[in-house]
Amino acid sequence: MACPDCAVGQSLGLMLVLFGVTVLELSHVLAVDVDPQQEKYLPDYRLYHNLTRLELHVEELATKFKDFIHIDRTFISRNGRSQLVAHITNFSVPSAVTENHHAWRPQDEKDGVSQTRNLSVPKVHLLLSFGEHAREFFPVESALYLLTNLTAGISANPGSYEEAFSRTILSRFDIYVIMMANPDGRKHVESSRNFCWRGTSTGVDINRNFDWQFAKKGSSADPRDEEFRGPYPFSEPECKVYTELTESVKFDAFVSFHSGIRHIYMPYADTVSKAVRRVPPNYTYLSQLASRLAKATKYTFRYGQAFDLNFYTADGTAFDYMAGVRQIPFSLAIEMWENEQHRGRSCFDEFNPHSAHLQKEVEAVHPLYVELFNSLYGWKLQQQKTHTLVETPSLTPSYILLAVVVLACAIFGYRNRHYVCSKKKRIVYLRSLSSTFAVNGIFR
């Protein structure tokens, strides 16, 4: 006799098995980016810097140029590795630089920046972040090339481009560079030869671990997912360098560097911001900067708000936190290298050039930094000029008014000299007149 309930049970069981297989397959797809793959090429560590050689190179630069580079060794990873935080500036130059003239950029002419004279301009405070994702070697190599170039001009021939570049940047900027934000993750990549590994030693993507829209749709609670956000905001010790530096220094700009595509992202990347079309503070200047950076190299970069450029959202990112919480005027994430021929599941070639092409590629993207410095300093000058005009009005009207008052007093005194001599307390002294104007805010 047929058993209808048995047939239903068998069908339901089969559906559950199929569902389970589907879930397992989906899980594998989601996790594929943290599992090792067959790589098309691997890094040649005679050309790429492994973690040990990177530390040695940075330490050598800091020792050689101790008046320009200080290494902060207090910021360490979960496993006690240095994040190589370099503070770069001319430490003998005051925190504000007096500009006697300005010919920094031709386009500044139309902004009136080149009209500046004898203006005290605070140094630009800039925070640069590299090595957040363990598999992205290229941005770290680019950072090392930048440090080498900044210091090379110190001993270059006076008047050369190298000397002018170093002198100008080191005197006008106060730069903090997080050279290796995720050293434990990098060590894991090097030792396991899993060049798809993105997270920390515990698999957390620190660029999903910030307290900005944390644990929303654009991140994962799955430790096997490459966008694993961690158990709670700032759960990873590697985030401490970001929070503490931005508490102690008022930065003008923050830039997080990555690789995999040529995009320049403005905030925001998170799910809620996409829904409400949130616009970052300082949007006009920020978009102008992004536009200039997009044209700085021989490559074509796309730029815009992250939720427009990407088909996915990203919650808990560093650059969204810097814009939304820290209110840093300029906050960007720059994906600075792309392999347009990449196909398949291999990882190293997706995020990093072949070792033979490394030097050529770091040189090719270096103009990004030059344009970043140019634009930020031009903005700083413009801000300071505007502030000065508002805070310190022209003294010319005051002088005219003072001359009129003095002339009127002289005429009045001459016509009524007997009266003035007998009523000395009615005399208007220039000293008291000057004090009156000072009280009213005309003289500063």
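**Figure 1. His70 meets its bridge partner, His87, in strand E2.** Helices (H or I, at least four residues) and strands (E, at least two) are DSSP runs, numbered from the N terminus. Strand E1 (residues 69-72) pairs with E2 in the antiparallel sense, over four bridges; two strands count as paired if DSSP finds at least two bridges between them. Everything shown here comes from a predicted model, in which local features need pLDDT of at least 70, side-chain atom pairs count only at pLDDT 80 or more, and totals for chains, interfaces and linings use all residues. Residues are numbered from 1 along each chain as its sequence is written, and side-chain values use heavy atoms, with hydrogens and water left out.

**Figure 2. Strand E2 (residues 85-88) shows its two faces.** Which way do the side chains of E2 point? Val85 and His87 point one way, Ala86 and Ile88 the other, and all are buried. Buried means under 20% relative accessible area, exposed over 50%, and partly exposed in between (1.4 Å probe, protein chains only). In a regular strand the side chains alternate between the two faces of the sheet. E2 is also joined to strand E6 (residues 173-178) by four bridges, and these two run antiparallel. Look for Val85, which stands opposite Ile178 in E6.

**Figure 3. Helix H5 covers residues 161-172.** From its first C-alpha to its last, this helix of 12 residues reaches 16 Å, close to the 16 Å expected at 1.5 Å a residue. That expected span is 1.5 Å times one less than the number of residues. Among the buried residues of H5 are Phe165, Ile169 and Leu170.

**Figure 4. Cys196 and Cys347 form the one disulfide of the structure.** A disulfide is a pair of cysteine sulfur atoms within 2.5 Å; here the S to S distance is 2.0 Å. The link is right-handed, with 100° about the S-S bond. It ties together distant parts of the chain, 151 residues apart: Cys196 is in the loop between helices H6 (183-192) and H7 (240-248), and Cys347 in the loop between strand E10 (330-337) and helix H12 (348-351). Cys196 counts as buried because its relative accessibility is 0%, and Cys347 because its value is 1%.

**Figure 5. Glu335 sits in strand E10.** An unreviewed UniProt entry lists Glu335 for "active site"; such annotations may be inferred rather than shown by experiment. Is Glu335 buried or exposed? At 14% relative accessibility, Glu335 counts as buried. Its contacts (heavy atoms within 4.5 Å) include His258, Arg262 and Phe301, not counting residues up to four places away in sequence. The side chain of Glu335 also reaches the backbone nitrogen of Ser259 at 3.3 Å.

Notes
A polar contact is a pair of N or O atoms within 3.5 Å; within protein, one must be able to donate a hydrogen and the other to accept it, and residues adjacent in sequence count only if both atoms are side-chain atoms.
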